[in-house]
Number of protein chains: 4
Amino acid sequence: MGVQVLKEIIRISEYQGKAVEDLDYEVVERKGKGHPDYIADAIAEEVSVELSKWYLKHFSCILHHNVDKVLVVGGQSWRTFGKGEVVQPIRIIVSGRATTEVTDKGERITVPIGPLVINAAKRWLNKNIHMLNVEKDVIIDYRIGRGAAELERLVKTGIPLANDTSLGIGYAPLSTTEKLTLSVEEELSAKCGSKGWEFLGEDIKVMSLRKGKNINITVAAAIIAQYTSSLEEYREHKEKIKEEVYKIADKIVEGNVEVFVNTADDMTDKTGKGLYLVVTGTSAEHGDDGATGRGNRANGLITPLRPMSLEATAGKNPVSHVGKIYNVLAFQLANEIYSRIPKIREVYVTILSQIGKPINKPQILAISILPEDKASFANMKYEAEEIANQFLSPEYFKKMTDDIVNGRVRLF
Amino acid sequence: MGVQVLKEIIRISEYQGKAVEDLDYEVVERKGKGHPDYIADAIAEEVSVELSKWYLKHFSCILHHNVDKVLVVGGQSWRTFGKGEVVQPIRIIVSGRATTEVTDKGERITVPIGPLVINAAKRWLNKNIHMLNVEKDVIIDYRIGRGAAELERLVKTGIPLANDTSLGIGYAPLSTTEKLTLSVEEELSAKCGSKGWEFLGEDIKVMSLRKGKNINITVAAAIIAQYTSSLEEYREHKEKIKEEVYKIADKIVEGNVEVFVNTADDMTDKTGKGLYLVVTGTSAEHGDDGATGRGNRANGLITPLRPMSLEATAGKNPVSHVGKIYNVLAFQLANEIYSRIPKIREVYVTILSQIGKPINKPQILAISILPEDKASFANMKYEAEEIANQFLSPEYFKKMTDDIVNGRVRLF
Amino acid sequence: MGVQVLKEIIRISEYQGKAVEDLDYEVVERKGKGHPDYIADAIAEEVSVELSKWYLKHFSCILHHNVDKVLVVGGQSWRTFGKGEVVQPIRIIVSGRATTEVTDKGERITVPIGPLVINAAKRWLNKNIHMLNVEKDVIIDYRIGRGAAELERLVKTGIPLANDTSLGIGYAPLSTTEKLTLSVEEELSAKCGSKGWEFLGEDIKVMSLRKGKNINITVAAAIIAQYTSSLEEYREHKEKIKEEVYKIADKIVEGNVEVFVNTADDMTDKTGKGLYLVVTGTSAEHGDDGATGRGNRANGLITPLRPMSLEATAGKNPVSHVGKIYNVLAFQLANEIYSRIPKIREVYVTILSQIGKPINKPQILAISILPEDKASFANMKYEAEEIANQFLSPEYFKKMTDDIVNGRVRLF
Amino acid sequence: MGVQVLKEIIRISEYQGKAVEDLDYEVVERKGKGHPDYIADAIAEEVSVELSKWYLKHFSCILHHNVDKVLVVGGQSWRTFGKGEVVQPIRIIVSGRATTEVTDKGERITVPIGPLVINAAKRWLNKNIHMLNVEKDVIIDYRIGRGAAELERLVKTGIPLANDTSLGIGYAPLSTTEKLTLSVEEELSAKCGSKGWEFLGEDIKVMSLRKGKNINITVAAAIIAQYTSSLEEYREHKEKIKEEVYKIADKIVEGNVEVFVNTADDMTDKTGKGLYLVVTGTSAEHGDDGATGRGNRANGLITPLRPMSLEATAGKNPVSHVGKIYNVLAFQLANEIYSRIPKIREVYVTILSQIGKPINKPQILAISILPEDKASFANMKYEAEEIANQFLSPEYFKKMTDDIVNGRVRLF
């Protein structure tokens with residue numbers, strides 16, 4: 001692809017709006033790893049990674065698959081102070097498509113898709129939802145459409161073709177409210193199950209609203225019934241969470257922060273029925289459903305007031321599925337530009353594929369840069385273009401695929 | 001709620017960015033009614049409407065439910081010129097929660113949830129996907145979590161409480177590219193199955209990219225195999241679609257439009273394997289999965305470069321589920337402001353709930369107005385505030401619920 | 001197969017026991033066509049027939065399949081006098097194996113197994129359970145293991161090989177109690193839905209106990225709630241059934257008959273909760289499960305005091321699955337011997353296959369004849385042997401397969 | 001129940017036929033514990049036992065349940081010498097009904113039915129199918145109809161009422177062929193996985209045909225691929241099994257025994273495709289389905305030439321479900337009579353319930369005794385009647401229930 005072609009593809013302009021921080025208000029959300037939507041994303045991705053590794057091991061290349069439709073059907077449980085029990089398991093249905101039969105030099109090889117899916121899902125749950133008894137409280141099922149491939153016919157060399165007309169969007173840097181939202185969930189989540197924090201489940205949702213300089217952080221955090229013997233103790237747990245969030249905020253924000261924890265609680269009901277008590281750490285245990293693609297975007301956040309792609313990144317194959325790799329590219333390119341070019345206030349990246357065309361030949365790769373006050377956009381343009389050029393190289397995509405398969409890229 | 005309170009909630013400001021039309025580029029997408037994601041949305045909503053009507057008929061109020069997690073698992077089919085067949089049905093799993101048992105004056109009434117779900121799904125499919133043989137090619141299943149209610153304890157008067165911390169976003173008016181994208185799908189879709197258009201399936205996806213004044217419209221349209229006897233005829237069908245899109249565009253756009261139809265087709269393969277042929281009108285027949293909330297937003301479009309809510313509107317109860325009603329409100333309020341106040345170029349509405357608080361008492365209702373050149377924002381502010389005040393009245397929400405249940409509101 | 005070989009296979013002996021009619025007591029049962037086990041049998045067989053016809057149409061031979069594991073999972077319904085409703089559908093899972101892909105002269109043909117299964121099941125239900133709304137109150141699902149065949153490699157000529165080591169058992173004639181049991185169900189069943197009998201559902205189970213000369217007939221008959229406005233009318237329905245059974249008995253039995261209808265009813269409960277009321281005609285609507293092979297044997301009866309095969313006949317392929325065809329053969333051969341050879345009181349046929357051997361070369365074909373008083377067994381032996389020889393001919397098996405596929409053979 | 005009533009119920013007569021051993025031929029079958037039908041029985045029963053224990057622990061009585069419809073849907077695997085893999089898991093669907101909600105003194109207690117079912121099934125599989133990786137190669141699902149009970153209303157005292165019109169049949173003693181058939185499976189099965197027998201899977205089916213004095217034993221034994229490196233080794237495994245069966249036979253039979261192992265094998269195919277190789281020890285891994293009630297009767301055998309009940313014993317509640325307890329009673333009573341009364345050649349027991357009547361008040365309890373040559377039936381009659389009387393006491397049923405729950409009774 002010559003320079004001329006790239007010129008037509010890459011469009012770099014000066015951003016016309018205000019920086020997010022300068023806007024009157026911001027709304028930012030993060031669904032934590034015990035949230036049903038996050039679980040659906042995580043299992044979709046885990047299955048994709050497992051499949052990719054299996055393909056790589058057996059055929060030295062990643063074959064076509066797309067398992068970006070995982071459904072988490074909530075179960076049923078009862079909880080009271082000090083105890084509780086799942087009475088109807090969480091049901092997880094992994095659906096999508098994969099190459100399930102491969103002909104290699106006349107030999108027909110069947111992919112052990114079932115055990116692979118089940119293993120991947122269980123391993124993730126075991127590792128990440130510490131109070132969940134996977135073998136008893138979860139049913140893993142799958143509906144993977146079958147596909148066949150002849151290894152000889154696969155074009156292994158060259159750059160893959162885009163499998164869809166799809167859009168990736170990214171930006172840098174995170175605003176303070178965004179950093180805060182992400183940190184609150186990640187730091188709280190890291191404590192789950194640790195000493196003194198046995199009561200904290202992984203289902204933590206953080207919603208931040210900045211109005212002017214004031215930030216309201218609403219945290220919905222699942223409290224483990226087994227570690228909460230009374231309404232009083234429940235209240236203490238909430239206090240502890242609140243204090244922790246204030247501590248986290250202190251490190252990040254200068255302005256006025258107000259923290260709300262489990263605001264829907266009915267703190268007058270001594271039976272605990274009106275509280276956010278769980279047995280397993282996730283609200284999926286008592287009816288909350290989840291689905292892939294309904295949670296965080298590729299930077300870990302939901303930022304409705306920013307440009308944002310609707311594509312699910314989780315579960316898609318990391319080679320040719322532009323709905324995944326273009327979103328990763330967009331965030332990585334934005335970060336690269338922001339970190340390498342001085343005096344940038346904000347940068348947005350938008351990339352749109354052309355179905356059937358090489359993935360490094362999108363319809364458009366648009367970059368919008370908002371310089372800091374008094375900095376000149378003109379000087380930034382050429383540098384940004386150069387960086388963008390590098391991102392459209394086959395080497396970049398190869399490395400990204402490799403990074404995704406090895407879990408080195410945030411996807412949700 | 002006094003005026004003072006509303007003052008704190010409603011924030012009206014001048015929009016700080018450029019109008020979308022003035023931006024360098026735009027990307028707009030619409031998934032047509034045969035797209036698996038649309039099907040998942042439509043069935044979720046149909047089930048919610050059906051449930052709402054059942055509750056209204058029996059108890060004069062809409063009880064709690066949320067069926068916003070419908071999964072469409074793709075089937076398997078073979079297609080060639082002139083014929084084809086589904087060999088593995090599409091499987092539709094309706095999941096969510098509903099009030100399934102109601103105690104009314106001591107009598108226990110069971111909601112016929114199963115037949116109701118099945119009926120609603122089949123009816124929609126029968127009515128909307130004209131070549132689909134629902135009784136043979138689709139399996140409808142459901143996993144609805146059970147819930148019980150005592151009618152006496154339900155607070156029937158007063159304004160409902162928000163069931164979640166959730167965000168609604170809307171704007172007005174549509175840009176030309178947006179109007180075009182919507183019209184193309186809707187006008188093509190209206191022709192499906194009509195005389196001369198028997199070959200056109202409802203699975204139509206439109207993706208528009210505007211660069212400056214030029215708009216590229218990429219249409220992926222499912223072509224019915226039974227009405228396509230040869231590669232030549234397939235080519236004619238594509239031509240016919242292309243011409244039609246140009247006609248539609250002529251009515252809406254003045255600039256340069258280029259139309260692409262089924263660009264991934266391999267037009268050299270005479271067996272038809274590389275073409276977008278279908279038997280039923282939807283790609284769900286051969287493996288494409290769909291899920292509620294993964295398709296169009298409440299104005300019928302996916303507009304990644306505009307502020308956009310990730311919430312699914314489909315399937316949620318139309319009384320208290322803010323993820324649904326706040327998105328409807330945001331678009332309706334934006335449209336109302338735009339149509340009633342002169343000289344507005346663009347208006348954006350953002351509304352964030354407070355879980356457990358009355359739905360007409362959000363955390364924030366923010367309105368950003370971009371006046372036309374030379375028009376003054378100051379004059380618009382008070383009028384917008386007044387309109388916003390009306391939208392936060394119980395009457396507005398009651399009417400909206402009523403409109404949703406009667407199918408008078410676009411949701412996706 | 002020479003005469004010598006047949007001599008070793010066919011063993012004809014004089015029966016050593018008493019005739020069933022002379023025994024002190026008899027117990028005979030028949031599950032009617034609305035019974036969940038019967039439904040499971042009927043759908044299994046319907047699917048096998050449909051598949052067989054499809055194979056015959058496309059390849060002129062019946063390919064391997066075995067769908068003899070159908071599970072009917074009961075639903076949930078509420079019933080009261082005059083009305084009722086299914087609230088959770090009956091779920092029918094068709095499981096087994098079939099040839100789903102066939103290579104014929106290089107072309108790969110996929111069997112539309114899903115639609116075929118669904119169609120077959122729905123058609124049978126629509127035709128046979130008159131009050132059941134199949135589209136609303138039933139979910140048909142399937143789990144058919146896939147199999148591939150290369151048409152060229154199939155041995156189309158010659159006699160098929162037994163696919164299992166399996167036993168068939170038959171006898172003739174029916175005893176009076178057996179005739180009575182069969183007639184009661186069949187004649188009642190024939191009335192379902194007809195004028196004056198709208199109240200009668202197809203789920204009719206007849207259990208007869210003969211002690212000496214007295215026969216107790218216990219009939220469990222599902223009564224349609226919609227046609228039963230009161231406890232009084234329910235009582236009248238039961239009376240009507242009882243009278244009808246007495247009429248039927250009068251034609252068949254000379255001894256003392258006593259008829260009991262729905263003996264578990266609580267006739268004191270005016271709400272109808274303790275009665276056998278249904279909405280659809282089958283108890284599967286409120287929880288009764290059914291499974292293939294758990295109901296009637298190949299003569300339509302369960303006769304625990306007679307020799308009896310445990311093999312399910314329903315759903316197995318009618319070409320090589322000895323569990324099916326040997327049971328048909330055993331009953332047909334017994335009937336043939338009984339009708340052609342005079343003065344036989346009873347005849348029993350037992351046939352055991354040898355897996356992998358031609359189906360007309362069983363391990364043993366044993367015939368036990370009980371002559372009438374004073375008749376001589378010696379004269380019967382050679383004639384019976386001759387008839388048996390004819391039944392081991394390829395022509396007999398071909399005709400049987402043909403008869404089964406065309407529904408001319410009773411299987412349950 | 002007075003003596004008079006019992007007189008009408010208990011009928012004792014002299015058996016009119018020949019002893020089984022004197023018949024010309026016998027056919028006896030046993031499905032081993034790795035057979036899909038056995039697995040379905042075992043899991044059904046394990047779930048019932050687990051439920052019973054749960055009810056006993058929480059309410060001191062066993063509540064209503066019936067889970068006698070378990071379906072084992074075969075998976076898919078590939079096998080070759082030395083290795084193999086499950087590619088599609090075995091799916092086990094536990095269906096039936098249970099009391100899932102209990103009101104006790106106003107408190108509503110929910111039975112953790114899901115985890116309980118899953119646990120019971122997994123534990124049995126883990127313990128009994130030694131090469132099966134339950135967590136990876138099996139999906140356990142369930143469809144248990146819900147039921148509610150108010151503890152106060154349950155009649156805890158007194159004898160339970162029969163829930164159905166159902167028949168139990170038993171006899172004693174086992175014939176030599178029967179003993180042999182049972183021993184072959186049990187002794188082989190006991191070796192599975194032990195030193196030197198790692199190659200032997202639990203799916204062992206034994207079919208015996210006695211013609212006169214000669215017994216043909218056909219053994220179908222699953223051979224573990226991972227412990228079979230070549231066709232030669234496979235042959236050795238078969239030889240080893242054959243020798244073992246001859247050894248077992250030597251201890252039991254005096255006549256001529258011939259043993260056949262895996263007779264359907266294609267021993268000329270060096271790829272191993274035509275052999276009975278498995279990865280997990282059960283043929284359910286590659287497509288063989290199983291269902292409760294389709295395997296062994298309550299004495300562990302299928303004896304088609306003997307009187308035999310069709311009722312599944314597995315999974316039914318051990319308190320009031322006569323389909324279960326009457327079969328246990330019939331075999332236990334036959335054994336008791338046989339062991340306590342000298343000079344009995346054979347004894348048959350038949351017992352038929354009356355739905356809604358106390359379980360110790362059947363319609364008939366018939367006992368047929370065949371005395372040894374020259375022994376007098378007359379002397380036996382009164383003793384048998386006395387024993388039968390004891391079996392119709394509440395104490396007997398209580399003890400039987402207790403024995404079943406504690407696994408002290410053979411059921412299949």
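A residue is called buried if 20 or more other C-beta atoms lie within 10 Å of its own, exposed if 12 or fewer do, and partly exposed in between, with the C-beta atoms placed from the backbone. Keep that in mind for A:I9, which has 20 C-beta neighbours inside 10 Å and so counts as buried. What you're looking at is a predicted model, where local features need pLDDT of at least 70, side-chain atom pairs count only at pLDDT 80 or more, and totals for chains, interfaces and linings use all residues. Residues are numbered from 1 along each chain as its sequence is written, while chains are lettered from A and ligands numbered from 1 in the order in which they are written.

Let's stay with A:I9 for a moment. It sits in helix α1 (residues 3-9) of chain A. Helices here are DSSP runs of H or I with at least four residues, strands are runs of E with at least two, and both are numbered from the N terminus. Which residues does A:I9 touch, leaving out those up to four places away in sequence? They are A:K361, A:P362, A:I364 and A:L365, where being in contact means that two C-beta atoms, placed from the backbone, lie within 7 Å. A:H130 is another story: 121 residues from A:I9 along the chain, with 47 Å between the two C-alpha atoms.

Still in chain A, find helix α7 (residues 322-340) and helix α8 (residues 377-391), whose axes come within 10 Å and cross at roughly 145 degrees. The axes are lines fitted to C-alpha atoms, for helices over the stretch in contact, and angles run from 0 to 180 degrees between N-to-C directions. On the α7(A) side, the contact uses A:L329, A:L333, A:E336, A:I337 and A:R340, and on the α8(A) side A:A384, A:I387, A:A388 and A:F391. Seven of these residues are nonpolar, none polar and two charged. For those classes, Ala, Val, Leu, Ile, Met, Phe, Trp, Tyr, Cys and Pro count as nonpolar, Asp, Glu, Lys and Arg as charged, and the others, Gly among them, as polar.

Now hop over to chain B for a sheet. Four strands make an open sheet in the order β1-β18-β17-β11, with mixed pairing; two strands pair if DSSP finds at least two bridges between them. At the edges stand β1 (10-14) and β11 (167-172) of chain B, each with a single partner strand, so one side of each has no neighbour in the sheet. Ignoring direction, neighbouring strands are turned by 15 degrees against each other on average. β1(B) and strand β18 (residues 364-371) of chain B run parallel, joined by five bridges, and B:S13 stands opposite B:S368 in β18(B). Helix α7 (residues 322-340) of chain B packs on this sheet, touching β11, β17 (344-352) and β18 of chain B, and its direction makes about 25 degrees with that of β11(B). Helix α8 (residues 377-391) of chain B packs on the sheet too, touching β1, β17 and β18 of chain B, at about 145 degrees to the direction of β18(B).

Chain C has an open sheet of three strands, ordered β8-β7-β10, with mixed pairing. Where do you find β8 (107-110) and β10 (148-150) of chain C in this sheet? They stand at the edges with a single partner strand each, so one side of each is left without a neighbour. Strand β7 (residues 101-104) of chain C runs antiparallel to β8(C), with four bridges joining them, and C:E101 faces C:T110 in β8(C).

In chain D, look at helix α2 (residues 36-59) and helix α3 (residues 113-128), whose axes come within 9 Å and cross at roughly 130 degrees. That makes α2(D) oblique to α3(D): angles under 35 degrees count as roughly parallel, over 145 as roughly antiparallel, 65 to 115 as roughly perpendicular and the rest as oblique. Their contact has ten nonpolar, no polar and two charged residues.

Finally, how do the chains meet? Between chain A and chain B, 51 residues of each are in contact, and strand β6 (residues 90-98) of chain A gives the most to chain A's side, with five residues. Chain A and chain D bring 21 residues each to their contact, where α3(A) has the largest share of chain A's side, six residues. No contact joins chain A and chain C, whose closest C-alpha atoms lie 12 Å apart.
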